[in-house]
Amino acid sequence: MSYNKELYQRVILDHNKNPKNFREIKNATHSSHGFNPLCGDDYTVYLTVDDEDVIQDAGFVGAGCAISKSSASLMTAVLKGKKVDEARVIFDEFHKMVLGELDPEKDENRLGKLKLFVGIREYPSRIKCASLGWHTAIAALDKSEDITTE
Amino acid sequence: MADASTLKIKAPAFDVEAIRKDFPILSQKVHGKPLIYLDNAATTQKPRQVIDRMYKFESEEYGTVRRGAYKLSERSTQLYEESRQKMADFLGAPTKEEIIFTSGTTQAINLVAYSYGRKFIGAGDEIIISNIEHHANTVPWQVLCEEKGAVLKVIPVNDAGELVMEEYDRLLGPKTKLVAVNHVSNALGTVNPIKEIIRKAHDAGAKVMIDGAQSTPHMKIDVQDLDCDFYTFSGHKMYAPSGIGGLFGKMEVLETMPPYVTGGDMILQVTLEKSTYQKPPMRFEAGTPPISQVIGLGEAIDYLNAIGIEKIGEYEHSLLEYGTRLLSDIEGLRIIGQAREKAALISFYLEDAHPHDIVTILDEDGIAVRGGHHCAQPTMKRYGVPATARASMSFYNKPEELDALAASIQRCIKIFS
């Protein structure tokens, strides 16, 4: 294992400062609101899914810490062009990685750039930050109401 | 020769280095750096004297209280009641029977809300709180108001974090039944003019409950001089264990109140048809209490008294002034809460770094501060911030630690800019 354990890597800081897809999608087919009552992180995630179940567009708006914002930013970049089923698999792998149940260097995965967040496992209080955007996106796909993580 | 710390602030009336040696936890390292503990408004560390006293009690003196007719229980009961006396003296209460032990301030406020509130507050009555209360002094009143059809009124705060007293005057009226405000705000550090608040509430015919969770560790409290009806406290914020706290209540008020939690110990006589209740404080202490924690609380009070609470407050104030100067010099840092009367905590906000990111970066430097809404979401909303980072000081902190805090904040700004 030779991954970088540092939490605030350059890429994460860049995504925090200049998040990708940081916009509302007016005609989104799916959207959901995610909120962490413990820290106040608050995002809305928008997804446009076509008839073939492919995520054509992904965006988010809201406010929160660098970890939650950069994670949501990278997530939207990764989700675009993915099939919904694939998105769910990636979320599952991401979730396991931040919980320390999946080693991205050893275990097979489709995480790609998302491996950057592997260091989160060393910061148990920040796992919710990294996964808030993802939980919100999955809730949007499930068409559920507002979600909260704490 | 003066040491470095005395050059930065007025020399304390006690030996800070000697005091630090009393707190075993302060000598550890975090991430390879010496621990700088600045989250004292959340919870305080315990001196060896408190830890040792509880160890001795558990290993040599422990027995149930108020029910055993054997030596261990009698001794345990005596120590337990001695702690109640110490707490009464610490708050200036006329008698120890006016001190009720609970698990902490949250439960103490709930006791007042459930027992006093449900008996004496009805439809159309008004309860006044402020815009800078902890959720523990907000939610119980909301629940009570919802249940009884009473109305919750809120004293606003100005930009500095001070209560707008003219508005308080306007809110008070014949319908006001209770005023519940904190002595010191946990989110901003504001020291509220509670003597004036209490006097005016009494003039309007209302009772007053003061949330003293943040004040008792830092300043001399005299409930008789204040003339409050209730005054709450939390042990773990005053160098005692968690799980113990309570309230002072005037006996004439306590006597009118029904039990809040019922069961063993709080009764005089139980038949299958009806039970009669003990007098206060026993009426409000059903079940076996946290005995060792009460003994620990008594020891913590002895510890504070040996140093002198006024001297503690004076030194902490000089730390506050020093820290405020340091942090005010940091570009892009906004101090939330700049009341003229302030306890030793600094809530701050950085343009470029979220409080939770600040906490993580500071932690890498061994510095423990709180980041979040401090269980005071309405306060955060008032100042237009989602959360703040908060450094809260104790008499075991040193000016050098605030230098390290300022340096670490600068590092934060560099990382996130």
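**Entry 1: the contact between the chains**

I began with the place where the two chains meet, to which chain B contributes ten residues and chain A 13 residues. I note here that the model is a predicted one. I then sorted the residues of the side of chain B that touches chain A by class: four are nonpolar, five are polar and one is charged.

**Entry 2: the domains of chain B**

I looked up how chain B is divided, and recorded domain 1 (4-46 + 308-411) and domain 2 (51-306). The centres of domain 1 and domain 2 of chain B, taken over C-alpha atoms, are 27 Å apart. Their contact draws 25 residues from domain 1 of chain B and 31 residues from domain 2 of chain B. On the side of domain 1 that touches domain 2, I listed helix 12 (309-328), strand 14 (345-350) and helix 14 (377-382) of chain B as the elements giving two or more residues. Helix 12 of chain B gives the most to this side, with five residues. By class, the side of domain 1 of chain B that touches domain 2 of chain B holds eleven nonpolar, eight polar and six charged residues.

**Entry 3: a sheet in chain B**

I next traced an open sheet of seven strands in chain B, whose order is 4-10-9-8-7-5-6 and whose pairing is mixed. Strand 4 (99-102) and strand 6 (151-155) of chain B are the edge strands, each pairing on one side only. From one strand to the next, the twist averages 20 degrees.

Within the sheet I examined strand 7 (residues 176-182) and strand 8 (residues 207-211) of chain B, which run parallel and are joined by five bridges. Opposite B:Ile210 of strand 8 of chain B I found B:Val181. I also recorded that helix 6 (residues 139-148) of chain B lies across strand 5 (126-130), strand 6 and strand 7 of chain B, and runs at about 145 degrees to strand 6 of chain B.

**Entry 4: helix 2 of chain A**

I turned to chain A, where helix 2 (residues 66-79) has 14 residues. Helix 2 of chain A reaches 20 Å from its first C-alpha to its last, close to the 20 Å expected at 1.5 Å a residue. Just after helix 2 of chain A, A:Gly81 takes a positive phi of about 90 degrees.

A:Asp53, in the loop between strand 2 (42-49) and strand 3 (55-63) of chain A, has a positive phi near 65 degrees. B:His374, in the loop between strand 16 (370-372) and helix 14 of chain B, has a positive phi near 60 degrees.

B:His374 counts as buried because it has 24 C-beta neighbours inside 10 Å, the cut-off for buried being 20 or more.

Last, I checked the peptide bond between B:Pro280 and B:Pro281, which is cis with an omega of about 5 degrees. B:Pro281 lies in the loop between strand 12 (275-277) and helix 11 (291-307) of chain B.

Note on methods: Residues numbered from 1 in each chain as written. Chains lettered and ligands numbered in written order. Predicted model: local features only at pLDDT ≥ 70, side-chain atom pairs only at ≥ 80, totals over all residues. Contact = placed C-beta atoms within 7 Å. Nonpolar A, V, L, I, M, F, W, Y, C, P; charged D, E, K, R; others polar. Helix = DSSP H or I, 4+ residues; strand = E, 2+ residues; numbered from the N terminus. Expected span 1.5 Å × (residues − 1). Pairing = 2+ DSSP bridges. Axes fitted to C-alpha atoms, helices over the stretch in contact; angles between N-to-C directions. Domains from an automatic or database assignment. Buried ≥ 20, exposed ≤ 12 C-beta atoms within 10 Å, placed from the backbone.
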